[in-house]
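Here is a note for a colleague who is new to this structure. Please read the points below with the model open beside you.

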Amino acid sequence: VRRLQRKEIVYAVTTKVQTISSSEEARIRIKSIVQGDIDIGEEVMIKGWAKTVRAQKSLGFMEVHDGSSFSGLQCVFEGEELLSTLKNTSTGTAV
């Protein structure tokens, strides 16, 4: 996770898609990330639903909410594999 230049929210940059069972790693609430409780560069797992999904040529964006905060977490996707996965994801999808 790294901070991008925005005023009010922390943004996550996603570089790979992984399937992780819930027993392997505990999820982090988006509220903890937004409040700055997570160190920059720390790898985290979040679970929630896609509020907005936008796929462009070289980047894709998804705002994820989990109910722990009024604000969501915007994930930025790079790479062909991630963009093709993002294009098949719609608003409201559990992620």
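1. Helices (H or I, at least four residues) and strands (E, at least two) are DSSP runs, numbered from the N terminus. In these terms, Arg54 is found in strand E2, which covers residues 49–55. This is a predicted model, in which local features need pLDDT of at least 70, side-chain atom pairs count only at pLDDT 80 or more, and totals for chains, interfaces and linings use all residues. Residues are numbered from 1 along each chain as its sequence is written, and side-chain values use heavy atoms, with hydrogens and water left out.

2. Arg54 counts as partly exposed because its relative accessibility is 39%, where buried means under 20% relative accessible area, exposed over 50% and partly exposed in between (1.4 Å probe, protein chains only). Not counting residues up to four places away in sequence, Arg54 touches Gly60, Phe61, Gln74 and Leu86, a contact being heavy atoms within 4.5 Å.

3. Asp66 sits in the loop between strand E3 (59–65) and strand E4 (73–78). Its side chain reaches the backbone nitrogen of Ile30 at 2.9 Å, and the side chains of Asp66 and Ser68 are joined by a contact of 2.6 Å between polar atoms.

4. Ile28 lies in the loop between strand E1 (11–14) and helix H1 (30–34), and it counts as partly exposed because its relative accessibility is 22%. Although Ile28 and Val44 are 16 residues apart in sequence, they are 6.5 Å apart in space, C-alpha to C-alpha. Leaving aside neighbours within four places in sequence, the residues in contact with Ile28 include Val44 and Asp66.

Terms used:
Polar contact = N/O pair within 3.5 Å; in protein donor to acceptor, adjacent residues only side chain to side chain.
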